[in-house]
Amino acid sequence: MATTHFSSALPIPAVSPAYPMAKPGYGKRSAPGQQARTRDDFALLPTRERYVAGFVDHLPDGAAMSVKQLAKQLPLYGQQAIGTALKALSVAGHLRRVRCSVGAGDETRWVFRTFWSRTARDNEWWNTYLATEDASRATAPTAAPEAPAAPGLTAPAEAPAPAAVPLQRTPPEAAPDTAPTTTPAAPPATPAAPATPAAPPATPAAPATPAAPPATPAAPAAPPAPTPPTARSAAHSPAYLALAELGRKDIRLALSADDCAALEPQAAAWFERGVDADYLIAALTAGLPAQVDCPPRFVRRRLADKLPPHRPAGHSSPGTSAPAPSPARRLLVECTDCGRPGLPEALPDGLCRPCRAAHSESRQVTSPDPAEIAAVKAHMVNLRGLLKAP
């Protein structure tokens with residue numbers, strides 16, 4: 001029994017479960033605000049474009065959208081035909097190819113995406129949508145925000161600072177006794193209530209808590225606790241610490257504490273000119289002779305001879321490299337035909353100027369007149385007849 005087909009268009013091929021997906025960040029992206037899928041979608045397109053559009057519309061987001069992969073799944077057409085169909089779909093307002101930068105710093109890379117819309121859109125809609133997409137990507141944070149702390153927990157930075165450690169630790173038994181030595185006497189019993197028996201006398205307070213005899217000598221005070229290294233470091237200036245670090249970087253420039261204190265004003269002048277400890281140490285330890293007889297005198301001479309110039313305001317320190325600003329996250333539209341990138345406004349219909357001109361010329365070519373076709377056939381038959389003549 002023959003089956004009647006009411007439409008001359010080819011049926012939409014089913015998407016294979018093994019259809020390859022693109023790498024994360026690449027592939028197909030569905031545009032928002034599309035109409036519900038119906039049987040009359042892409043009805044105004046030619047047969048080939050309607051066939052390709054129906055297949056692309058059923059692909060999931062993230063599917064590979066290269067011409068080679070589509071040609072493998074659509075055996076009726078080759079890569080050239082698939083590329084021409086995608087160009088026609090771009091002109092019809094269903095497709096835009098874009099490239100955008102992702103990552104930050106030195107890890108920036110370009111990804112290629114294909115935005116698809118079942119509903120045909122004009123150039124103004126695509127330009128507005130791609131500009132919004134670019135703005136949302138530019139304002140998106142590069143790193144995920146930290147989760148807020150639980151209401152019942154307090155961040156370590158907000159915790160109250162611990163009490164300072166006293167410099168002189170006194171044993172508990174040697175601490176002065178501030179409590180009263182004798183318990184105040186209980187008030188006398190009220191004479192108005194003789195029937196109530198008086199409470200038995202309490203144990204005398206003096207024997208329970210005997211006062212320390214005055215003749216007993218106090219315990220010797222403990223020696224003062226040593227100051228932590230962090231406290232000592234905080235007491236010195238960055239210039240002093242940089243000079244103290246010279247001996248660890250190179251033993252030939254080992255300085256004593258008095259030497260560091262004497263050279264501290266000269267080193268502080270370096271810091272006032274916008275350098276840091278790393279720059280100062282590198283400048284003082286560069287190109288040392290084989291033997292340094294007097295490190296303090298040698299360092300004093302280098303501090304005077306290599307004093308850096310004043311840097312204008314607004315410049316970063318030579319030793320500390322300012323964080324490189326993250327590159328602007330751009331979104332460029334690619335020409336659907338040749339792949340040339342550009343801004344959305346410069347590629348109307350998703351085509352660059354040369355490809356758009358070539359497409360317009362191909363559309364202006366009309367089908368030949370049937371009379372001309374008949375005349376050409378008659379002329380060819382006449383030529384064949386002449387070749388057969390003796």
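Which residues in H1 meet which residues in H3? In this predicted model, where local features need pLDDT of at least 70, side-chain atom pairs count only at pLDDT 80 or more, and totals for chains, interfaces and linings use all residues, Arg48, Glu49, Val52 and Ala53 in H1 meet Ala81, Ile82, Thr84, Ala85, Leu86, Ala88 and Leu89 in H3. Residues are numbered from 1 along each chain as its sequence is written, and side-chain values use heavy atoms, with hydrogens and water left out.

The protein chain has 12 helices and five strands (DSSP runs numbered from the N terminus, helices being H or I of at least four residues and strands E of at least two). Of its 390 residues, 26% are buried (under 20% relative accessible area with a 1.4 Å probe, protein chains only; exposed is over 50%, and partly exposed lies in between). The chain exposes about 26,700 Å², of which carbon and sulfur atoms supply 60% (Shrake-Rupley method, 1.4 Å probe). Among contacts (heavy atoms within 4.5 Å) between residues at least 6 apart in sequence, 66% join residues at least 24 apart.

Helix H1 (residues 47-57) packs with helix H3 (residues 79-91) at an angle of about 85°, the axes being 9 Å apart. Axes are lines fitted to C-alpha atoms, for helices over the stretch in contact, and angles run from 0 to 180 degrees between N-to-C directions. H1 is therefore roughly perpendicular to H3 (65 to 115 degrees; under 35 is roughly parallel, over 145 roughly antiparallel, and the rest oblique). The contact of H1 with H3 comprises eight nonpolar, one polar and two charged residues (nonpolar: Ala, Val, Leu, Ile, Met, Phe, Trp, Tyr, Cys and Pro; charged: Asp, Glu, Lys and Arg; polar: the others, Gly among them).

Thr84 is found in helix H3 and, at 35% relative accessibility, counts as partly exposed. Leaving aside neighbours within four places in sequence, Thr84 is in contact with Arg48 and Glu49. The C-alpha atoms of Thr84 and Val67, 17 residues apart along the chain, are separated by 9.9 Å.

The axes of helix H7 (residues 238-249) and helix H8 (residues 257-272) come within 7 Å and cross at roughly 120°, so H7 and H8 are oblique to each other. The contact is made by Pro238, Ala239, Tyr240, Ala242, Leu243 and Ala244 of H7 and by Ala257, Cys260, Ala261, Leu263, Glu264, Ala267, Ala268 and Phe271 of H8. By class, the contact of H7 with H8 has 13 nonpolar residues, no polar residues and one charged residue.
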